[in-house]
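Trainee: I would like to learn how to read a model residue by residue. Please take me through it.

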Amino acid sequence: IVIEQVEQLGGASQLHGRLSDGATRITVAVAGQTSARRGDAVDLSLPGSQAHLFRDDGVALPRHRDEGP
């Protein structure tokens with residue numbers, strides 16, 4: 001993602017940015033403080049069960065369930 005804004009919130013940080021398509025907006029919460037700054041490009045990966053996805057109208061999409069062992 002390309003970072004547009006960083007919010008340092010004490011015990012966590014929120015990174016606001018866009019995916020590589022330039023249109024899809026994303027907000028990522030990370031533990032602790034971050035050195036990421038506006039304009040930085042960062043890689044992102046996470047289990048699907050940790051993602052909270054929403055449609056353009058703000059309605060939440062169903063959560064993905066990771067399969068267990």
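Trainee: Glutamine 5: what is its relative accessible area, and how is it classed?

Mentor: Glutamine 5 has a relative accessible area of 43%, so it is partly exposed. Keep the ground rules in mind: this is a predicted model, where local features need pLDDT of at least 70, side-chain atom pairs count only at pLDDT 80 or more, and totals for chains, interfaces and linings use all residues. Numbering starts from 1 along each chain as its sequence is written, and side-chain values use heavy atoms, with hydrogens and water left out.

Trainee: In which strand is the place of glutamine 5?

Mentor: Strands are DSSP runs of E with at least two residues, helices are runs of H or I with at least four, and both are numbered from the N terminus. Glutamine 5 sits in strand S1.

Trainee: How many helices and strands does the protein chain have?

Mentor: The count is 0 helices and 3 strands. Along the sequence, the pattern reads β-β-β. The C-alpha trace spans about 35 × 30 × 20 Å along its principal axes. Of the 69 residues in the protein chain, 14% count as buried.

Trainee: How do S1 and S2 pair, and over how many bridges?

Mentor: Pairing requires that DSSP finds at least two bridges between the strands. S1 covers residues 2–8 and pairs with S2 in the antiparallel sense over 6 bridges. Valine 6 stands opposite leucine 15 in S2. Glutamine 8 has serine 13 of S2 as its bridge partner.

Trainee: Which residue takes a positive phi in the hairpin of S1 and S2?

Mentor: Glycine 10 does, with phi near 85 degrees; that hairpin has 3 residues between the strands.

Trainee: And S2 with S3: how many bridges join them?

Mentor: Here 7 bridges join S2 to S3 (residues 25–31), and the two strands run antiparallel. Serine 13 stands opposite valine 30 in S3. The hairpin of S2 and S3 has 6 residues between the strands, and glycine 22 in that hairpin takes a positive phi near 80 degrees.

Trainee: Now a residue in S2. Is histidine 16 buried or exposed?

Mentor: Histidine 16 is buried, because its relative accessible area is 18%. Its place is in S2, residues 12–18.

Trainee: With which side chain does the side chain of histidine 16 make a polar contact?

Mentor: A polar contact is a pair of N or O atoms within 3.5 Å; within protein, one must be able to donate a hydrogen and the other to accept it, and residues adjacent in sequence count only if both atoms are side-chain atoms. The side chain of histidine 16 makes one with the side chain of glutamate 7, at 2.5 Å.

Trainee: What else is histidine 16 in contact with?

Mentor: Contact means heavy atoms within 4.5 Å. Leaving aside neighbours within four places in sequence, histidine 16 touches Val2, Ile3, Glu4, Gln5, Glu7, Ile26 and Thr27.

Trainee: How do valine 6 and glutamate 4 count by relative accessibility?

Mentor: Valine 6 is at 23%, so it counts as partly exposed. Glutamate 4 is at 34%, so it is also partly exposed.

Trainee: How do I compare separation in sequence with separation in space?

Mentor: Glutamine 5 and threonine 27 are 22 residues apart along the chain, and their C-alpha atoms are separated by 9.4 Å. Glutamate 4 and threonine 34 are 30 residues apart in sequence and 14 Å apart, C-alpha to C-alpha. Among contacts with a separation of 6 or more, residues 24 or more positions apart account for 24%.

Trainee: What volume has the largest pocket?

Mentor: About 500 Å³. Of the 18 residues that line this pocket, the closest to its centre are Arg25, Ile26, Thr27, His52 and Leu53. A pocket is an open set of points on a 1 Å grid over the protein atoms alone, where a 1.4 Å probe fits, with protein on both sides within 12 Å along at least five of seven lines; lining residues have an atom within 4 Å of a point. Points are joined across faces, edges and corners, and the volume is the space filled by probe spheres set on them.

Trainee: Which strand gives the most to the lining of the largest pocket?

Mentor: S3 does, with 5 residues.

Conventions:
Buried means under 20% relative accessible area, exposed over 50%, partly exposed in between (1.4 Å probe, protein chains only).
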